[in-house]
Amino acid sequence: MALRSQLLKGVLDACVMAVVEEQPVYGYELSQKLQGIGLPDISDGTIYPVLLRLQKNGFIRGEMRPSASGPNRKYYFLTDEGKAELDQISAEWLEIAKPVSQLLKRGGEDEENS
Amino acid sequence: MRKTAELIEENNEKRGLLNHDNEKVYEDILLYLRTDLRIDEHAGEEILMDLLDHLVEAQEDGKSAKELFGESPQKYADELIENLPSQNRRNVLWFSASQIIGLTGWFAATFGVISLIVSFFRPVDNSIALGNLLLMLLSVILVAVIGVMVIFKIVRSSVFQKDKKKWQAYVKAGLYGAGAFACVALIAWLFDDFGPVVKLEWWIFLLTGLVFLAVSKLMYKRTE
C-alpha cells in the first residue's frame, strides 16, 4: 500500500507542477484545470496537501495577487528547483509510461476499454 | 506578505459567506489546525484561507464541503498537518515568552485596578511579601501553560464529533479551568507570608502591567 500511495503522490506532484509551469494558478483554478484534463479521481481537496508538500520542498512558491474575479488569491509559481524536478520526473515518467501501459492493458490492443 | 493577524481577521469575515453545513465542517478543520501547536502558525493560516476561498467558490458552483474535504474531514486535516512546515524553535520560544509576559502583565494590571477600586471603599494594606508574589506568579504561569495544553487536547479530541460530545468536552475544559484556579487560590491561602515585605501602590502594579503587555506585544510581533 505504501508503495502504491507513494507512486500516486509522485504522479500527482508532477501533474500539479506541470499545470503551474504553464501558468501561475490559485487553488480553485488548479483543481478545475486538473479535472478539465480528465483526471477523474482528483477531488477538489486533494490538491492542497500536494501544494503544501511542494512548497515545503521549495518546488513552488505562493504569492498574493488580485484574481480575475477581483479578490486577492494566493497564486502558485514554479521555482527553478521545481522546474528541474519536473523535468526529471517527466523524463522518468515518459520512459516507463509506454511499456507500463502496454503491460497493464492485458488482453490485447483491440480490447481497449475506457 | 499578509500578516498572520490580518489573515485571521479576513478569515473571520469571509466565513460568513459559507452556508450552515459548509461552515460547520470548515470550522471543525479550522479548530483542529489552530489547536495543533506543532505547525507554523502563518503557514497554517495561509492554507486555511486557501481552503476558505476554495469552499466559497465551490459553494457558488453548488458543491458541498464534503466534495472538498472527502468523507473524513479529520483524515484530510491530518494530511494537511503532515505536509505543513513545523513551527521553528526560536519562534516557539519567543511566542511562549511573549505569552507568559503578557499573562503576567494582565495579572499585574488587573490587580492594580482592583486595588484602586477597593481603596475607594476601605483602606488597602498595600504591603506585600515578595516571596508570595513570586509564588503566585509562578503558579499562575504553570497553571496557564498546563491549562492551554490540556484544554487544547480536550477540544481537539472532540472537534469532529457530534454536538453532544462537543458540549461534554467544553464542560470538561471549563471544569479544568475552574479547578486550576481553585488550586492557585489554595496555594495563596496555604502559604504564610514569606520573603521581604515591600509597599507597592496600585499604580505601580498597573504601570508594570502595562509595560509587560507592551513588551509582550512587541515580542509577539517578532514571531510573525
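## Surroundings of A:Val16 and the nonpolar core

In this predicted model, A:Val16 is in contact with A:Leu30, A:Ile47, A:Val50, A:Leu51 and A:Leu54, leaving aside its neighbours within four places in sequence. A:Val16 also belongs to the largest nonpolar core, which has 42 residues. The residues with the most contacts inside this core are A:Val16, A:Met17, A:Val20, A:Tyr48, A:Leu51 and B:Leu80.

## Contact between the chains

Chain B brings 19 residues into contact with 13 residues of chain A. On the side of chain B that touches chain A, at least two residues each come from α3 (41–60), α4 (65–69) and α5 (73–83) of chain B. The most is given by α3(B), with eight residues. By class, this side of chain B comprises nine nonpolar, three polar and seven charged residues.

## Helix α4 of chain A

Helix α4 of chain A covers residues 80–104. Its 25 residues reach 35 Å from the first C-alpha to the last, close to the 36 Å expected at 1.5 Å a residue. The buried residues of α4(A) are A:Gly82, A:Glu85 and A:Leu86.

A:Leu94 lies in this helix as well. A:Leu94 counts as exposed because 9 other C-beta atoms lie within 10 Å, and the cut-off for an exposed residue is 12 or fewer. Between A:Leu94 and A:Gln55 there are 25 Å in space, C-alpha to C-alpha, and the two are 39 residues apart in sequence.

Notes
Residues are numbered from 1 along each chain as its sequence is written. Chains are lettered from A and ligands numbered from 1 in the order in which they are written. This is a predicted model: local features need pLDDT of at least 70, side-chain atom pairs count only at pLDDT 80 or more; totals for chains, interfaces and linings use all residues. Two residues are in contact if their C-beta atoms, placed from the backbone, lie within 7 Å. Helices (H or I, at least four residues) and strands (E, at least two) are DSSP runs, numbered from the N terminus. Ala, Val, Leu, Ile, Met, Phe, Trp, Tyr, Cys and Pro count as nonpolar, Asp, Glu, Lys and Arg as charged, and the others, Gly among them, as polar. A nonpolar core is a set of buried Ala, Val, Leu, Ile, Met, Phe, Trp, Tyr and Cys residues joined through C-beta atoms within 7 Å. A residue is buried if 20 or more other C-beta atoms lie within 10 Å of its own, exposed if 12 or fewer, and partly exposed in between; C-beta atoms are placed from the backbone. The expected span of a helix is 1.5 Å times one less than its number of residues.
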